[in-house]
Amino acid sequence: MPEFFEPRDRATLVSGVRVIDIAADVDRSADVLLAPGRITLDPRAADVPDDALRIDGAGLWALPGLIDLQVHFRQPGFEHKEDIASGSRAALAGGVTTVVVMPNTKPTLDTAEAVAFQGAEAQRVHGVRVLVAAAATEGIAGKRLTDHAALQGAGAVAVTDDGYPLSDDALMRASLEQCAKLDLLFMQHAEDMSLSHGEPMTRGATSEALGVSGQPADAEGAMVERDVALVGETGARYHVLHLSTARSLRAVRAAKAKGLAVTCEASPHHLLLTDEACAGGDTHFKMNPPLRSEADRQVLLAGIADRSIDAVATDHAPHSAEEKARGFREAPFGVIGLETAFAALLSLVEQGVIDDRRAAELMTAGPAHVLRRADLGSIARPGSVADLCLVDPARRFTVSEQTLFGRSKNSAFLGREMPGRVVATFVDGRLRYRV
Ligand SMILES: [Zn+2]
């Protein structure tokens, strides 16, 4: 039975485990000693405390604690969907030890106090590491910019109006200018809302069959193209959240080729599913951006393989069962993803899309690079945090409410068999989850 633990000071020795640490260029069998605030590869026997918990690492992989660049923990304001404590349990069960939370809470994370609260609350509930992407505009209303410097001073690692794009060209330019000056990351939910009109799915054969008008896939790429032009003018660091179309990826590739500081992430559901899944009207396939065509999905798969996509992030978006039961048009956008993200990547390994090292990189070194955080996404790099997860690549599981530990169960993968289960997670050298 999976178990969660409060942080304890007992050390753990994992013996004979395959350590995959892409940032430090390590992929070999080792013994790993975890102790509060510390992680040591191949410790001397004298350094292992007598009372250390011992785990046989044969057949297991040890990865740096996974990083999820986009989650919604819903606190404050929507605690019936999730809070920092319940979201942290979902994260630990997925091997995720660092998350970037989005600012579309109630009130929104648009002040220094609201940003500081997230970190303090995570500490109070012994949650995972919570980094904040603060609001780019006051109240995420797209009218007046927030004080980016003050938000950064309170700990924000990025600004975004996620859920909404920053549509106004002049405002977006002004935000990017501030970001460039502060070396602060801008994360964009790219959607031209004059094209998408909030439609619940992508326009295509499936939407036509259902008699839904649908939003054109171009609503995303058009916004990414505008943004890349503004990034070229301002020199800001810019990241595309949940990139989902071929046109968007083309714009990102072109920006990278020019040497712009442009990065992007893709979400497991866009990598594994297409809009055909919406045919039955199941709201567990309703998210924004919506599921796309098979042609778009194939381009994303090529993008994670050839590294033009930097990271995989879940857009973990909990909603209650009642909210998701409102029918395809009325139900809120969004699905959860923390517990299943790495298994989803291992599905792509199984399908031959990427290898196991690339799967690890997409949730460790990749997102750490997006955040420019040398202390995250590695265990062997000097100055690394002591976060680790153990994966049993041979252990298959079927996604069910029993394998989901957050407050909401709105997974797009319910009932799906997945390869590879996270069997233990450590934060700051302490065991916090074990199957
Ligand atoms: Zn979004």
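A residue is called buried if 20 or more other C-beta atoms lie within 10 Å of its own, exposed if 12 or fewer, and partly exposed in between. The model on display is predicted.

**Stop 1**

Select aspartate 428, in the loop between β16 and β17. Is aspartate 428 buried, exposed or partly exposed? Aspartate 428 has 18 C-beta neighbours inside 10 Å and therefore counts as partly exposed. Its phi is positive, about 55°, although the residue is not a glycine.

Next, select aspartate 315, in the loop between β14 and α11 (321–324). Here too phi is positive in a residue other than glycine, with a value near 55°. Aspartate 315 has 28 C-beta neighbours inside 10 Å, so it counts as buried.

**Stop 2: the whole chain**

Now display the entire protein as a cartoon. Its secondary structure comes to 14 helices and 17 strands. The radius of gyration is 21 Å, close to the 22 Å that the globule rule gives for 435 residues, so the protein is as compact as a globular protein of that length. Along the principal axes, the C-alpha atoms fill a box of roughly 65 × 45 × 40 Å. Of the 435 residues, 57% count as buried. Among contacts with a separation of 6 or more, 73% are between residues 24 or more positions apart.

**Stop 3: the two domains**

Colour residues 3–61, 386–406 and 414–434 as domain 1, and residues 65–371 as domain 2. The centres of these domains, taken over C-alpha atoms, are separated by 27 Å. Where they meet, 27 residues of domain 1 are in contact with 32 residues of domain 2. On the domain 1 side, the elements that give two or more residues are β15 (388–398), β16 (417–427) and β17 (430–434). Which element gives the most to this side? Strand β16 does, with seven residues.

**Stop 4: the parallel sheet**

Select strands β7 to β14. These eight strands form an open sheet in the order β7-β8-β9-β10-β11-β12-β13-β14, and the pairing is parallel. β7 (66–71) and β14 (311–312) stand at the edges, each with a single partner strand, so one side of each is left without a neighbour in the sheet.

Within this sheet, select β11 (residues 185–188). Two bridges join β11 to the parallel strand β10 (residues 158–160), and four bridges join β11 to β12 (residues 237–240), also in parallel. On the β12 side, glutamine 188 stands opposite valine 240.

Show the side chains of β11 as well. In a regular strand the side chains alternate between the two faces of the sheet. Leu185 and Met187 point one way, while Phe186 and Gln188 point the other way, and all are buried.

**Stop 5: the nonpolar core**

In soluble globular proteins, nonpolar side chains tend to be buried together. The largest nonpolar core of this model has 136 residues. Those with the most contacts inside the core include Val32, Ala62, Val132 and Val159. The core draws at least three residues from each of domain 1 and domain 2.

Centre the view on valine 159. Apart from residues up to four places away in sequence, its contacts include Ala133, His148, Leu151, Cys179, Leu184 and Phe186.

**Stop 6: glycine 127**

Select glycine 127, in the loop between α2 (112–124) and β9 (129–135). With 24 C-beta neighbours inside 10 Å, glycine 127 counts as buried. Leaving aside residues up to four places away in sequence, glycine 127 touches Ile84, Ala85, Ser88 and Ala122. Its C-alpha atom is separated by 8.6 Å from that of serine 86, which is 41 residues away along the chain.

**Stop 7: two cis peptide bonds**

Finally, select the bond joining glutamine 75 and proline 76, a cis peptide bond with omega of about 5°. Proline 76 is found in the loop between β7 and α1 (84–93). Another cis peptide bond joins lysine 106 and proline 107, with omega of about 0°. Proline 107 is found in the loop between β8 (96–101) and α2.

How values were computed: Residues numbered from 1 in each chain as written. Predicted model: local features only at pLDDT ≥ 70, side-chain atom pairs only at ≥ 80, totals over all residues. Contact = placed C-beta atoms within 7 Å. Pairing = 2+ DSSP bridges. Rg over C-alpha atoms; globule rule 2.2 N^0.38 Å. Core = buried A, V, L, I, M, F, W, Y, C linked by C-beta atoms within 7 Å. Domains from an automatic or database assignment.
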